[in-house]
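Good morning, and thank you for coming. Please look at the display as I speak.

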Amino acid sequence: MQRLRKLFSVTAVRLTVLYSLLFGATALGLIFYVTAGTVTLLKQQVTVSINDELKEFAEIYEEAGLNGAISALELRSRAPGANLYIVSNPSGEILAGNVLNLEAGVLNNIGWTYHPFSYTRFDTSKSAEYRALARVVELPNGMRLLIGRDIGEPEKFRNLIFNSLALALGSMVTLGFLAWFFVGRRVLKRIDLVARSTDRIMSGDREERLPISGSGDEFDRLSVRLNSMLDRINLLDEGLKQVSDNIAHDLKTPLTRIRNSVEASLAKESKTAGHRQALENVLLESENLIKTFNALLMISQVESGSSTAQMAQQNISEITADIVELYEPAAEEQNFQLRARIEDDLKVNGNRELLSQMISNLIDNALKYGKSTTSDSSLIEVEARSLKGRVVITVADHGSGIPDNENGKVLQRFYRLEQSRNLPGSGLGLALVSAIAKMHFASLALKDNDPGLKVVIEFPV
Amino acid sequence: MHILIIEDDKQAADYLVNALDEAGHNVDHAGDGEMAFVMCDSSEYDVLVVDRMLPKMDGLSLLRKLRDRGDMTPALILSALGQVDDRVEGLRSGGDDYLTKPYAFSELLARIEVLSKRKIVDDTDTLITVCDLKLDRLSHKVFRGDIKILLQPREFRLLEYLMRNAGKVVTRTMLLEQVWDYHFDPQTNVIDVHISRLRGKIDKEFEFPLLHTIRGKGYILQKDSVD
C-alpha cells in the first residue's frame with residue numbers, strides 16, 4: 001500500500017492515470033453516441049417498413065376481406081427472412097402467422113411496441129428467442145394484426161462495435177498502466193539515488209555529487225547542472241570560511257590589544273594621565289578595527305557582485321586624474337614624485353566610487369611600500385591608456401617590489417609581506433583592488449618594475 | 001539648536017541625547033518612526049537624526065512621509081548599512097546626509113551643525129565673505145583684503161565649502177564627500193596636505209590666520225583661533 005501510494009505520487013504515473021481516465025471517458029461517450037445513433041436509425045427504418053406493410057394489408061383487406069388478407073399474410077410469412085406476422089383473436093390467441101409465442105402483453109398493446117421483445121418463430125426448428133420491434137392494429141372485428149421486424153442482426157452489429165471498442169480501451173489502459181508502472185519505477189529509482197546523494201551532502205559530505213548515469217537523459221542533464229551549482233556553492237562557502245578565519249585571526253588581535261590596554265590601565269593606581277593615554281589607545285585601536293571591518297564588508301559586497309546595479313559608463317581618465325590630483329600634495333610631502341600619463345576620454349563600464357577607490361588603494365600602496373632605496377625622490381607612475389581598444393591602468397613604483405613566490409598571495413585578504421608587517425595597514429588593500437577588478441571583468445597583473453611593483457589592470461573591450 | 005533623535009536602541013539614544021545636550025543643544029528623543037512623525041508635527045526641529053532601522057515605521061519611510069507632507073527639516077541618517085547603494089537609497093528617500101555606524105561623535109556633531117537650517121551664508125549668494133576673505137562664485141576670484149589670491153579649481157571648491165560653513169567644524173570625511181565626492185577613506189591622510197596648501201595661500205603672510213585645525217576633529221574657518 002505504501003509502495004502503491006509512493007508510486008502514485010510520481011508525476012508520470014499520475015499523468016498516465018489522468019490520461020487513461022480522460023481517454024476512457026471519451027471512448028465511452030463515443031460508444032454511446034454510436035450505439036444510440038444505430039438504435040434510432042434502426043427504429044426509423046423498422047417504423048417506415050412496418051407502416052408501409054400495414055398500408056398494403058389495409059388495401060388487401062379492403063379489396064379481399066379478412067381471408068384475403070390472412071392468405072396474403074401467410075404467403076409473406078413463409079418467404080425467407082420474413083417479418084413477423086400474427087393474426088389473433090381479441091383474447092390474444094394466435095390464429096395465423098409465423099410466430100409460435102411471444103412476450104406476454106405485446107399483443108394487448110395496441111400501437112407500437114418500441115422496446116425490443118422476445119419471441120419464438122414458427123418456421124425455425126430451434127426454439128431460440130429473437131428480439132423484435134412491432135406494431136399491433138385492431139381489425140374492425142376485434143381481431144388483432146401484428147407486424148414486427150427482427151432486430152437481432154443490427155443488435156449483434158451494435159454489440160460487436162461496443163465490445164471491440166471496450167476491448168481496445170481496456171487493453172490500452174492495461175498496457176499503459178504496465179508501461180508506466182515500470183517507467184515510473186525507474187524514475188523513482190533515479191530520484192531515490194538523487195535523494196540519497198542530497199542526504200549525504202546535507203549531512204556534511206561536501207564532496208558528494210549527484211549520480212550521472214551517462215545516458216545523457218534529462219536526469220543526467222539536471223544532475224550536471226545541480227552538480228556545477230554545488231561546486232559554485234562550495235567555492236563561495238570556502239570564501240566565507242576564509243573570511244571567518246580572517247576575522248578570528250586578524251580582528252581578535254586588535255581586540256586583545258584593546259582589552260590589554262584597558263586592563264593595564266585599571267590595574268594602575270588611579271592616575272588620570274595614564275587613564276587618558278589608555279583611552280586614547282583604545283579609541284585608536286577601535287577606529288582601526290572599524291576600518292578593517294568596513295574594508296572586509298566592502299570586499300565581500302564587491303565579491304558577491306551586489307553593487308553591479310550602480311554600473312554605468314565612466315570616464316576612467318577623469319577618475320584617474322581626480323585621484324592623482326587628490327594624492328599629489330600628500331605624495332610630494334612624502335618626497336614622492338607622482339607622475340601621471342593619462343590619455344583623454346577613456347571609457348569603461350563600472351562604478352565610479354569603486355574605481356576611484358581601486359586607484360586610490362594602488363597609490364596608497366605605492367606611497368607605503370614604494371620608497372626607493374637608491375634615490376631621495378621616489379617616482380610613482382600612474383598611467384591610463386588604450387591598448388588595442390582595451391583600457392589599461394598602470395600604477396608603478398620603484399620600491400622593493402614583491403618577491404615572485406608571493407605574487408599571488410598578496411591579493412589574499414590580510415596577507416602581508418614579512419618585511420612590511422611592522423608598517424601600518426590592514427593587508428586588505430590589494431584584496432579589495434582584486435575584488436573590484438574582478439567585478440569589472442578586468443584582469444589584474446602584478447609585474448616586476450625592476451625595481452619595484454607595477455600593477456597592471458586591463459579592462460575588457 | 002533643537003534636535004530630534006529618532007533611535008530605538010535605548011543605550012545609543014541616551015548617549016546621543018546626553019552628548020548633544022552637553023554640546024549645548026536642545027534634544028528630544030523618539031523611540032520609533034510613528035512617534036517621530038507625530039513629534040515632527042507638533043514641534044519645530046532644526047535637525048533630525050534618524051536611525052535607519054526603527055520599529056513601526058523605518059527611517060526611510062518616515063523621511064518619505066515627512067517630505068511628502070512638505071516637512072523639509074534637514075535629516076541625517078544613521079545606519080549600519082554603509083555601502084554605496086545603501087547611501088544612495090538613503091539620500092533618495094529624503095535624507096540630507098548619511099553616516100555609517102559606528103561613528104565618531106565629533107563627526108556626527110560636525111555634520112549636525114553643518115546641516116542646521118540656520119545657515120550663515122545663503123546658498124544663492126554669489127559673493128561669500130568671511131572676515132576679510134571674499135570669494136566670488138561667478139568670477140571665481142578670491143581676495144583677502146585687497147590682495148588677490150590665485151587658487152586651483154579644487155582649492156577654490158575647498159575654500160568655498162569651508163567659507164559656506166564658516167564658524168563650524170568640518171571633518172576630513174565631510175571634505176572628501178563634499179569637495180571630492182568620495183565616500184571611502186584613503187589610507188594616506190591626503191586632506192591635511194590639501195588644507196595646508198590652501199592655508200599657505202590664504203593665511204600665510206597675513207595678519208591673522210582664518211583656517212584652524214582642531215585636533216582629532218577637523219578644521220574650522222573663522223577669525224578667532226580655537227582654544
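Let me begin with a definition: helices, of at least four residues, and strands, of at least two, are DSSP runs, and they are numbered from the N terminus. Please also bear in mind that this is a predicted model.

With that in place, we turn to chain A. This chain has eight helices and 13 strands. Of its 461 residues, 24% are buried. If we consider the contacts in chain A between residues at least 6 apart in sequence, 59% of them join residues at least 24 apart.

Ile290(A) is located in helix H5 of chain A, which covers residues 272–304.

Next, the contact between the chains. How many residues does each chain bring to it? Chain A gives 21 residues and chain B gives 19 residues. On the side of chain A that touches chain B, at least two residues come from each of H5, helix H6 (316–333) and helix H7 (352–369) of chain A. Sorted by class, that side of chain A holds seven nonpolar, nine polar and five charged residues.

Finally, we move to chain B. Here five strands make an open sheet with parallel pairing, in the order E2-E1-E3-E4-E5. Strand E2 (26–30) and strand E5 (97–100) of chain B are the edge strands, each pairing on one side only. On average, neighbouring strands of the sheet are turned by 20° against each other, with direction ignored.

At one end of that order, strand E4 (residues 75–79) of chain B runs parallel to E5(B), and four bridges join the two. Within this region, Ser79(B) stands opposite Thr100(B) in E5(B).

Two helices of chain B lie across strands of the sheet. Helix H3 (residues 59–68) lies across strand E1 (2–6), strand E3 (47–51) and E4 of chain B, at about 145° to E3(B). Helix H5 (residues 105–115) of chain B lies across E1, E3, E4 and E5 of chain B, and runs at about 175° to E5(B).

Thank you for your attention.

How values were computed:
Residues numbered from 1 in each chain as written. Chains lettered and ligands numbered in written order. Predicted model: local features only at pLDDT ≥ 70, side-chain atom pairs only at ≥ 80, totals over all residues. Pairing = 2+ DSSP bridges. Axes fitted to C-alpha atoms, helices over the stretch in contact; angles between N-to-C directions. Contact = placed C-beta atoms within 7 Å. Nonpolar A, V, L, I, M, F, W, Y, C, P; charged D, E, K, R; others polar. Buried ≥ 20, exposed ≤ 12 C-beta atoms within 10 Å, placed from the backbone.
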